Amino acid sequence: MWRALARTTWRAAANDCGSPGFRFAPSTLTQQQLRHSKASKRYTTNTNTSTAPPHKIRIGIMSVEKPKVVFVLGGPGAGKGTQCSRIVDRFQFTHLSAGDLLREERSREGSEFGNLIEDYIRNGKIVPVEVTCSLLENAMKASGKSRFLIDGFPRNQDNLDGWNRQMSEKVDFQFVLFFDCGEDVCVQRCLGRGQSGSGRTDDNLDSLKKRISTYNNDSLPIIKFFEGAGQVKRIDASPDAEQVYGEVEKILVASGF
Ligand SMILES: Nc1ncnc2c1ncn2[C@@H]1O[C@H](COP(=O)(O)OP(=O)(O)O)[C@@H](O)[C@H]1O
Ligand SMILES: Nc1ccn([C@H]2C[C@H](O)[C@@H](COP(=O)(O)OP(=O)(O)O)O2)c(=O)n1
């Protein structure tokens with residue numbers, strides 16, 4: 001169903017690829033990392049047949065760096081997008097918001113997924129990963145960059161499974177930046193965003209109740225899973241944006257960015 005998504009932005013040859021990490025990707029770093037987690041029973045297969053170290057891929061006799069990926073998670077309205085914009089201003093990251101990519105695809109003329117995406121978004125459900133992951137992979141390739149903030153993904157088990165199938169071998173996963181924010185604050189921020197003209201069809205109370213429930217039931221377990229693997233950097237997202245960013249900056253600098 002999602003073949004159409006993979007159409008335009010794939011680069012035809014390795015030489016043409018801005019970031020070589022997207023092609024030949026024999027190892028599965030994320031799966032390797034997840035193997036160490038008590039909670040990672042599903043990820044026990046070692047499919048790494050490469051002689052390159054896990055953060056690199058092998059092309060012929062050379063090994064090259066894989067693109068680095070940081071997942072950015074938190075409740076609806078926690079401030080993920082706001083903080084990502086600030087990070088991009090200071091660090092060399094490319095910000096890819098799964099929600100933005102889905103909204104773009106929904107509006108793209110001729111998209112076969114427009115109605116499906118709208119139905120999922122309005123009802124606070126998570127779009128099937130085949131759609132979202134392909135949009136992310138295409139955007140990564142099209143950017144030609146090698147450091148990504150992937151915002152709002154993976155948001156449920158389907159997202160995580162799809163990522164592990166399609167992408168984990170191709171990237172050097174770093175950690176999750178988790179913007180931890182109370183439900184009431186999240187709701188007020190989303191309503192405020194709606195009132196100041198976000199134009200989003202889901203910044204209303206009815207959709208928000210469903211989004212919060214999806215977050216609690218489907219997204220929090222994913223964050224806990226990464227936490228169990230020691231891969232979460234938690235940030236209190238309730239203070240003002242400046243203060244939150246101060247914490248983010250410290251974490252990124254301490255992580256070598
Ligand atoms: N720390 C903060 N304090 C107050 N308002 C914030 C803060 N961070 C973001 N906002 C505002 O809250 C709304 C949601 O922020 P946004 O970054 O779009 O959240 P998310 O991407 O997590 O949905 C926006 O209107 C934004 O300006
Ligand atoms: N991985 C994702 C991310 C977003 N979506 C859909 C469903 C979400 O409620 C909407 C909006 O997500 P977005 O990250 O832009 O917004 P919030 O964090 O909820 O404010 O997009 C999805 O289906 N799968």
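These legends go with close-up views of a predicted model.

**View 1. The whole chain, before we zoom in.** Start by finding your way around: the chain is built with nine helices and seven strands. Of its 257 residues, 39% count as buried. Now think about which parts of the sequence meet: among contacts between residues at least 6 apart in sequence, 77% join residues at least 24 apart.

**View 2. The nonpolar core.** Here's the largest nonpolar core, with 52 residues. Look for Phe71, Val72, Leu96, Leu136, Leu149, Ile150 and Leu177, the ones with the most contacts inside this core. Helix α5, residues 129–143, gives the most to the core, with seven residues. If you're wondering about the background, nonpolar side chains tend to be buried together in soluble globular proteins.

**View 3. Phe71 and its contacts.** Stay in the core and pick out Phe71, one of the residues with the most contacts there. Skip its neighbours within four places in sequence, and Phe71 is in contact with Ile150, Phe153, Pro154 and Val176. Ile150 is also on the list of residues with the most contacts inside the core.

**View 4. The shell around ligand 1.** There are 14 residues around ligand 1, and Gly79, Lys80, Gly81, Thr82 and Arg189 come nearest. Helices α2, α7 (183–195) and α9 each supply at least two residues of this shell. Sort the shell by class and you get four nonpolar, six polar and four charged residues.

**View 5. Residues with a binding-site annotation.** The unreviewed UniProt entry has a "binding site" annotation that covers Gly77, Ala78, Gly79, Lys80, Gly81, Thr82, Arg193 and Pro239. Thr82 is found in helix α2, residues 80–90, while Pro239 is found in the loop between β7 (232–236) and α9 (241–254).

**View 6. The shell around ligand 2.** Over at ligand 2, there are 19 residues around the ligand, with Pro76, Ala98, Gly99, Val127 and Gly152 coming nearest. The elements giving two or more residues to this shell are α3 (98–107) and α4 (114–122). Of these, α3 gives the most, with three residues. By class, the shell around ligand 2 divides into eight nonpolar, seven polar and four charged residues.

Key. Residues are numbered from 1 along each chain as its sequence is written. Chains are lettered from A and ligands numbered from 1 in the order in which they are written. This is a predicted model: local features need pLDDT of at least 70, side-chain atom pairs count only at pLDDT 80 or more; totals for chains, interfaces and linings use all residues. UniProt positions are given in the numbering used here, feature names are shortened, and annotations may be inferred rather than shown by experiment. Helices (H or I, at least four residues) and strands (E, at least two) are DSSP runs, numbered from the N terminus. A residue is near a molecule or strand if its C-beta atom, placed from the backbone, lies within 6 Å of it. Ala, Val, Leu, Ile, Met, Phe, Trp, Tyr, Cys and Pro count as nonpolar, Asp, Glu, Lys and Arg as charged, and the others, Gly among them, as polar. A residue is buried if 20 or more other C-beta atoms lie within 10 Å of its own, exposed if 12 or fewer, and partly exposed in between; C-beta atoms are placed from the backbone. Two residues are in contact if their C-beta atoms, placed from the backbone, lie within 7 Å. A nonpolar core is a set of buried Ala, Val, Leu, Ile, Met, Phe, Trp, Tyr and Cys residues joined through C-beta atoms within 7 Å.
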